[in-house]
Amino acid sequence: MTEIQAGLIASPGIVLGRARLLLKEARVPADGSILPQEAENELTQYDLAVETAVGDLEQLAEKSAVFAAYVDLLTDFALRESVEQNIREKLQNVQLAVYNAVEEFRALFLSTSDSYMRERSDDLLDIRERLLCALQGDGEIREPLYQEPHILLAESLTPSDTAGMNFDSALGFITEKGGVTSHIAIIARERSIPALVGVTGIMQNVSDGDFLILDAAGGRILLNPTPELIAEYRQRQIRMHREQAALQAERAPAVTRDGRRVLICANAGSISAVTRAIFQGADGVGLFRTEFLYMDGDGIPGEEEQFSTYRESAMQAGKEITIRTLDVGGDKKLSCLNIGREENPFLGWRGIRVSLELREIFSTQLRAILRASAFGKIRVMYPMVTSLEELMEANKLFEQCKSALDQKNIPFDRDIKSGVMIETPAAVILADELAKHTDFFSIGTNDLTQYVLAADRGNLKTAQMCDPFHPAVLRCMQSAIRAAHACNIKVSVCGEIAADPRATRILVGLDIDELSVVPGSVGIIKRAVRELHYGRSKKFAQKLCLLSSSSDVSAAMADTKTQMLPK
Amino acid sequence: MTSERVIIKNQFGLHMRTAAIFARAAASCRSTITLISGDKRVNPKSALFLMSACVKCGDEITLICDGPTCEQDMRFLLDTLENGLSEEPEVPK
């Protein structure tokens with residue numbers, strides 16, 4: 001038994017099976033130089049070879065963009081010029097001319113720092129094979145691949161290699177070359193076939209027919225494993241399948257039993273958190289905190305740096321991402337902003353107040369967000385709003401930033417939505433006014449609870465009083481949600497309560513449209529939503545809002561016979 | 001002669017597939033076309049030259065069209081960049 005630590009996991013999973021080696025011998029160009037008068041003939045042969053190769057690809061090109069691109073590369077005038085030059089000036093025969101011309105372009109691609117482009121140099125190998133095959137007059141270049149289930153090993157697997165493949169019998173792939181963006185990696189992932197790439201030397205270590213375990217979860221290959229290991233891995237394989245199926249089911253939309261869909265999004269404070277959130281099945285990023293950009297100690301981040309981060313976050317998310325503008329204050333200080341000592345930081349200079357006073361910094365952030373909106377679905381959200389004037393001023397500045405970008409012809413999403421965080425009593429009371437001038441609400445229950453109950457949750461003496469299920473808080477949420485819906489705008493909740501499965505029933509019952517939670521809770525809350533009956537939750541929530549004390553609310557929540565906690 | 005600056009919006013920029021589509025569009029134009037990206041100047045009628053320019057998402061490029069049909073050629077190319085490079089997801093999320 002030999003264990004080989006593998007290169008890269010291109011597609012996860014575990015399979016056990018017989019190895020089949022795909023041995024390809026790269027075609028060698030015929031040797032020999034030509035006489036000047038033979039040049040014309042050689043060039044004609046090239047054109048005929050291109051025609052043949054393109055003809056071979058016709059069928060495949062219809063179904064696959066990769067092969068369509070190969071057709072374009074084969075007919076590329078730059079390639080022809082290079083071949084022509086080799087024939088006429090260097091007096092190389094057509095095969096050698098092709099070989100060297102392709103080699104030149106390969107060297108060009110391999111010299112870039114872009115790993116994606118470097119891998120395209122292998123596509124050129126594929127094209128060269130086709131041209132040499134046409135020139136050497138060999139006809140069919142595909143050898144029949146194996147029919148019984150097997151793990152396929154090869155130095156590399158190009159689109160041409162996999163074009164005629166019967167994937168039903170391919171248990172897994174192992175290649176010596178390639179990275180996670182090579183064709184075989186993409187195809188393996190699309191078809192959920194486990195694959196390891198970049199496993200240098202594997203072709204030397206494995207013989208055709210060897211039994212092996214392809215562990216593309218842990219990243220290793222076990223050659224001729226012991227019966228114990230085989231049994232162990234078969235178990236793991238079964239477990240993985242079950243987990244994957246469960247994960248698929250979990251990532252599905254959260255819909256109550258009577259059909260009300262609730263978006264379950266995730267909170268994130270970095271690009272990696274966005275990736276985790278989407279992996280957990282989040283329907284989007286409901287709160288993207290931007291403070292991390294300002295906190296790395298390098299001073300205020302410039303527009304380019306912010307733009308690049310927001311764009312990447314939006315692209316990683318692939319779904320709607322709601323970016324909250326800078327939300328700092330006496331308690332969340334920044335070294336680059338001089339906030340100074342405050343007696344009451346929670347009631348001090350924070351949130352939108354800071355942004356509206358430091359308009360340059362605010363504008364920079366807004367422009368960066370706008371520019372990023374051309375690359376993904378982005379919404380903008382203003383924190384700590386306490387007045388209509390603040391909202392109007394922020395809206396006005398947002399429009400100015402849009403005009404500025406327009407003048408420079410810089411694209412952005414013209415439909416980009418902007419919303420406000422409802423986290424202060426003033427915002428709740430004025431919700432009906434605010435709703436007329438914004439596109440959505442997001443209720444920040446953490447701060448809202450503190451301000452409404454006038455209790456500091458960081459203070460040991462008052463922490464207990466910060467009960468998000470306090471009737472005052474529930475009624476505030478109810479009121480804000482009603483005001484929003486009266487103006488046909490949507491509401492999300494992004495405080496800790498959103499991730500509390502006991503609260504799901506109440507929040508759904510209060511007609512919330514979206515919950516934004518920590519990535520790890522996405523699954524739990526989706527499950528909680530699926531257990532609910534929206535109609536009954538509505539009645540329950542309305543009843544709770546009529547109660548007058550926290551203890552009555554607790555009792556009502558504990559009492560109910562239809563109480564269902566997620567398993 | 002016309003010149004326009006464009007920001008590339010495709011997730012993977014002008015890589016093999018999209019470079020091929022754009023090159024084909026450029027090749028169908030009668031104008032002489034130049035694409036400038038950073039310090040690289042290439043003839044975008046060749047997908048290979050275009051790929052060697054390594055144009056990525058977010059890069060700003062300059063397109064120059066020269067010839068009697070340069071106006072409509074430019075419009076066509078800008079439209080291709082905006083709408084014609086439909087991307088199948090290359091890396092499934």
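Trainee: Which residue meets E82(B) in a salt bridge?

Mentor: In this predicted model, local features need pLDDT of at least 70 and side-chain atom pairs count only at pLDDT 80 or more, while totals for chains, interfaces and linings use all residues, and side-chain values use heavy atoms, with hydrogens and water left out. Residues are numbered from 1 along each chain as its sequence is written, with chains lettered from A and ligands numbered from 1 in the order in which they are written. A salt bridge here is a side-chain nitrogen of Lys or Arg within 4 Å of a carboxyl oxygen of Asp or Glu. At 3.3 Å from N to O, the partner whose side chain meets that of E82(B) is K9(B).

Trainee: How many residues apart in sequence are the parts that this pair, E82(B) and K9(B), ties together?

Mentor: Helices (H or I, at least four residues) and strands (E, at least two) are DSSP runs, numbered from the N terminus. E82(B) lies in helix α3 (residues 70-84) of chain B and K9(B) in the loop between β1 (2-7) and α1 (16-27) of chain B, so the parts tied together are separated in sequence by 73 residues.

Trainee: Is K9(B) buried or exposed, or in between?

Mentor: Buried means under 20% relative accessible area and exposed over 50%, with partly exposed in between (1.4 Å probe, protein chains only). Because its relative accessible area is 31%, K9(B) is partly exposed.

Trainee: Which residue of chain A forms a salt bridge with R24(B)?

Mentor: Between chain B and chain A the count is 1 salt bridge. With its closest N and O atoms 2.8 Å apart, the pair joins R24(B) to D72(A).

Trainee: Which helix gives the most to the side of chain B that touches chain A?

Mentor: Across the interface of chain B and chain A there are 5 residue pairs in polar contact, both residues being at pLDDT 80 or more; a polar contact is a pair of N or O atoms within 3.5 Å, where within protein one must be able to donate a hydrogen and the other to accept it, and residues adjacent in sequence count only if both atoms are side-chain atoms. On the side of chain B that touches chain A, α1 and α2 (47-52) of chain B each supply at least two residues. With 5 residues, the helix that gives the most is α2(B).

Trainee: What share of the area buried between chain B and chain A do carbon and sulfur atoms give?

Mentor: Contact means heavy atoms within 4.5 Å, and 29 residues of chain B are in contact with 31 residues of chain A. Buried area is the accessible area (1.4 Å probe) that two parts lose on being put together, summed over both. It is about 2,600 Å² between chain B and chain A, and the carbon and sulfur share is 75%.

Trainee: Which residue does R379(A) pair with in a salt bridge?

Mentor: R379(A) is found in strand β13 of chain A, and it counts as buried because its relative accessible area is 11%. The partner lies 59 residues away, in the loop between α12 (303-317) and β12 (321-324) of chain A. The closest N and O atoms are 3.4 Å apart, and the partner is E320(A).

Trainee: At what relative accessibility does D215(A) count as buried?

Mentor: The side chains of D215(A) and R220(A) meet in a salt bridge at 3.0 Å, N to O. R220(A) counts as partly exposed because its relative accessibility is 22%. D215(A), by contrast, counts as buried because its relative accessibility is 0%.
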